[in-house]
Amino acid sequence: MAANEHETKLFTFRVKRYGTGGREKEHYNQDYKLEVMKGQSVLDCLNELRWKHDGTLTFRRSCKSGICGSCAMTINGVNRLACETQVMALGGSVVTVEPLKGYPVIKDLVVDIDPLVEKLLAVKPYLITKTPPPSDQERLQSQADRAKLDGLYECILCGACTSSCPSYWADEKYLGPHAFLKAYRFIADSRDEGAREHFEALDDKHGLWRCHTIFNCVEACPKSLNPTKAIAALKRELAKERIG
Amino acid sequence: MATLDPETIHDVTGVPVHNIHRHDVVVVGAGLAAMRAAVEASKDYDVAVVSKVFPTRSHSGAAQGGIAASLANEEEDHWEWHMFDTVKGSDYLGDQDAIEILVKEAPIVVREYEHMGAPFSRTPDGRIAQRMFGGHTKDFGKGGPILRACYAADRTGHALLHTLYENCVKNGVRFYPEFYVLGLVIRDNICRGVVAWDVINGGVHVFHGKAVMFGTGGHARIYKIASISLSSTGDGPAMVLRAGLPLEDMEFVQFHPTGLYIHGILVSEAARGEGGYLINDAGERFMKKYAPEKMELAPRDVTSRAIQKEIDEGRGIGGKNYVYCDLRHLGEEKIMTLLPQIHELAWKFLHIDCVKDPIPIQPTGHYSMGGIPTDNDCRVLADGKSKPVVGFFAAGECACVSVHGANRLGTNSLLEASLFGRRAGKSIVRFLREEPDLADLPVDAANEAIAEVEGILSAAGAEKVSAIRAEMQAEMSANCAVFRNGCNLEKLSEEVKSLRERYKRIRIDDKSMTFNMDLTEAIELGRMLDVTEVIVAGALNRTESRGAHSRTDHPKRDDVNWLKHTLAWKKDGSVKFDYRPVVITRFEPKERKY
């Protein structure tokens, strides 16, 4: 721990707001000034602004540990989790905070995640098995097979990836990288016997083939997961299945 | 009984009542206990899950290290050993009949998770992998630490939470995310449903059910430094108190030894399970003074007290409020494979690379051992002893069955939530077979909830919710945390009373119906104050030291007077106590050494 742990710096938080301040139907920017301490996250600062200055400032938050996925928002133009984004590390003296793109805004930084959930459900996001498991034992899975799930099962459903995707901006019915990642988490699982069922929604004009490998989702993922890689693998599997 | 019709109460106040939803089972909360119950009951019945956050945002997902079960996949183990460790860990306050259920059914519960699709880490022969955790030992404490915690890297809670959500989806469970439950509807000792606030759109909804199940989570948010989410505000226990029912053993709150300095964020016990050291300013592995045999793998109450004592006596790093958790000797490969999330958290929150540098940690408010008293079938007990409230069930951190007694062992929480969630589901199914009818909803079902919301929206005082909350948290951290004493608790009790008075004079900025955080935070504060009052009263009342409750003015455990559970009610503005004996079947209380 450095000796300068109480170091502070004045920041302007430029928050894109909606549905408040008597301007119910329009987006507007509001600036707040705040003395930020080293170690404070964007979420810490939003909380402080809410609690001390403006109780109408609205956002989602829960675990403040980077695992629940509530506080994804666009910070200085990049989709991130507010709770694990250190303000000092952003540099500059102005922090812009906006709601995630691509989802309807409910209020300030809170967006409607129903579209995100609907698309997740479309890929049948659960293990599908036909063979009954052994009655008093676990199914066996080799360490190598289990390792295939690394980089897939860690998704926290924050929505940052799909919000960053130009294909999704152009087609609101597009399933989106989060749904593909989830589908592949099961298709890649040695225990799953429902590939065809997971694939059903993917092999569609709003499905896999709409991904143009732009890699925005990879940059956006706060958990450093790689939906583009999952999509490439899915395309290969699907092509194999089609060709027979 | 006259039944509720939305039309009849529309004009009671300005708060709209939008809808009455009817389901066989209404589950409140969406963590492991709640969703495991939902998975079970939805095999036979129509189940609704009503939760203040979207299900996968629930705090069970933040659990890291593992879920205990004597699978013996890695080495010899027996449920009797697990039972002994849990009883001793509880400082003999856990009920041994309930603990026996916990340890015997643990392997079933873990294997069912695997069958549902949970991505457990694996042994070389493809079985569920297991690691060491504090307080879990071989051969009734006579052997060393044992490999008992089943894990998915250090993201076990996340893996299990998502698995349950996926299986709820598969079973057609109906979710009501971002509905904040305001109160229980209990009349004539029959639970008829709950009333909830629609966070997104505003408005009161009534959920009318044949059975209601609470899996609402913990309340350690009453502390300034806490690992737990901002949403863990004791909602379930507070609603139970307001319904005139008792809470059990609320004075027992666990402090996790290793919270990230200042942030309080959890650094899993898996860090020590995999071999991490605790180091003070002199570079000394100080646990040798406090737990010479088990060292860093002593239970959490012992380890938190050791760290706090080092800090209080000036041996924190540079004299500050933290010591080090040192993982460097484990090497990069082990850290990145087995503890990747810890590496990520230390880097993102403190900018520390734990491969190269030790992690600054301090004890952090973590887990609530006490809660809503239930029997072993998760039926909520109206008198805290034997009489169930018809149709009302609870499990997980909000409940007290009691398997953790005065101190919970690591990895027994995911186990308890899952196992008693499953039992609650089965118990609900049995109940619905016997009682298939929906009890009437009284005409005034929603009135109390509407009055609470109305009251807060129209309050015109001068007090800020955030200021009262911050004072409560600071006071609790200073005077009712790892160490407590009678004198400070007396003062604290007065302080809490004055905070309650100030809470009556609040005013919020946001008066809107849409996603009104100002309103929900105000409601949460009211509930935290209720729970805080009972914790402080219980801590003052219990004049002994046992498990996580450590009184410096009563430093010894007192089995003659205090080998009993506290039951606490709120009556006429003060806390009233009664007691229930501890169930002892196999292991007689002994002095506890590690």
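1. Helices (H or I, at least four residues) and strands (E, at least two) are DSSP runs, numbered from the N terminus. By that rule chain A has 10 helices and 7 strands. The model is predicted: local features need pLDDT of at least 70, side-chain atom pairs count only at pLDDT 80 or more, and totals for chains, interfaces and linings use all residues. Residues are numbered from 1 along each chain as its sequence is written, chains are lettered from A and ligands numbered from 1 in the order in which they are written, and side-chain values use heavy atoms, with hydrogens and water left out.

2. Overall view of chain A. The C-alpha trace spans about 60 × 45 × 30 Å along its principal axes. Chain A has 244 residues, and 56% of them count as buried. Buried means under 20% relative accessible area, exposed over 50%, and partly exposed in between (1.4 Å probe, protein chains only). Contact means heavy atoms within 4.5 Å. Among contacts in chain A with a separation of 6 or more, 64% come from residues 24 or more positions apart.

3. The sheet of chain A. Two strands pair if DSSP finds at least two bridges between them. Five strands form an open sheet in chain A: 5 strands in the order β2-β1-β5-β3-β4, with mixed pairing. Its edge strands are β2 (27-37) and β4 (78-81), each pairing on one side only. From one strand to the next, the twist averages 35°. Helix α1 (residues 42-53) of chain A packs on this sheet and touches β1 (8-18), β2 and β3. The direction of α1 makes about 105° with that of β2(A). Axes here are lines fitted to C-alpha atoms, for helices over the stretch in contact, and angles run from 0 to 180 degrees between N-to-C directions.

4. Strands of a sheet pair through backbone hydrogen bonds, either parallel or antiparallel. Strand β3 (residues 72-75) of chain A and β4(A) run antiparallel, joined by 4 bridges. A:Met73 stands opposite A:Arg80. A:Ala72 has A:Leu81 as its bridge partner. The hairpin has 2 residues between the strands, and A:Asn76 takes a positive phi near 50° there. In a regular strand the side chains alternate between the two faces of the sheet. In β4(A), A:Asn79 and A:Leu81 make up the covered face, while A:Val78 and A:Arg80 make up the uncovered one.

5. Strand β7 (residues 179-187) of chain B runs antiparallel to β8(B), with 8 bridges between them. B:Tyr180 stands opposite B:Trp197 of β8(B). This hairpin has 2 residues between the strands, with B:Asp188 at a positive phi near 50°. On to the next pair. β8(B) is joined by 5 bridges to strand β9 (residues 204-214) of chain B, also running antiparallel. B:Val195 has B:Val206 as its bridge partner in β9(B). Here the hairpin has 5 residues between the strands, and B:Gly202 takes a positive phi near 80°. Strand β8 (residues 190-198) is mostly covered, with 8 of its 9 residues buried.

6. Helix α11 of chain B. How many of the 11 residues in α11 (residues 340-350) of chain B are buried? The count is 9, and the helix is mostly covered. Among the buried residues are B:Ile342, B:Leu345 and B:Phe349, and also B:His343 and B:Glu344. Their cover includes β11 (253-260), α7 (270-273), α10 (332-338) and β14 (359-368) of chain B. B:His351 follows α11(B), with a positive phi near 60°.

7. A point to check: B:Lys88. This residue lies in helix α3 (residues 79-89) of chain B. B:Lys88 is buried yet has no salt bridge. A salt bridge is a side-chain nitrogen of Lys or Arg within 4 Å of a carboxyl oxygen of Asp or Glu. Lys and Arg count as positive and Asp and Glu as negative; His and the chain ends are not counted. The nearest side chain of opposite charge is B:Asp85, 6.7 Å away. Leaving out residues up to four places away in sequence, B:Lys88 touches B:Arg592, B:Lys593 and B:Tyr594.

8. The interface. In all, 64 residues of chain A are in contact with 70 residues of chain B. About 5,500 Å² is buried between the two chains, and carbon and sulfur atoms give 51% of this. Buried area is the accessible area (1.4 Å probe) that two parts lose on being put together, summed over both. Between chain A and chain B there are 13 salt bridges. B:Asp510 forms a salt bridge with A:Lys107, where the closest N and O atoms are 2.6 Å apart.
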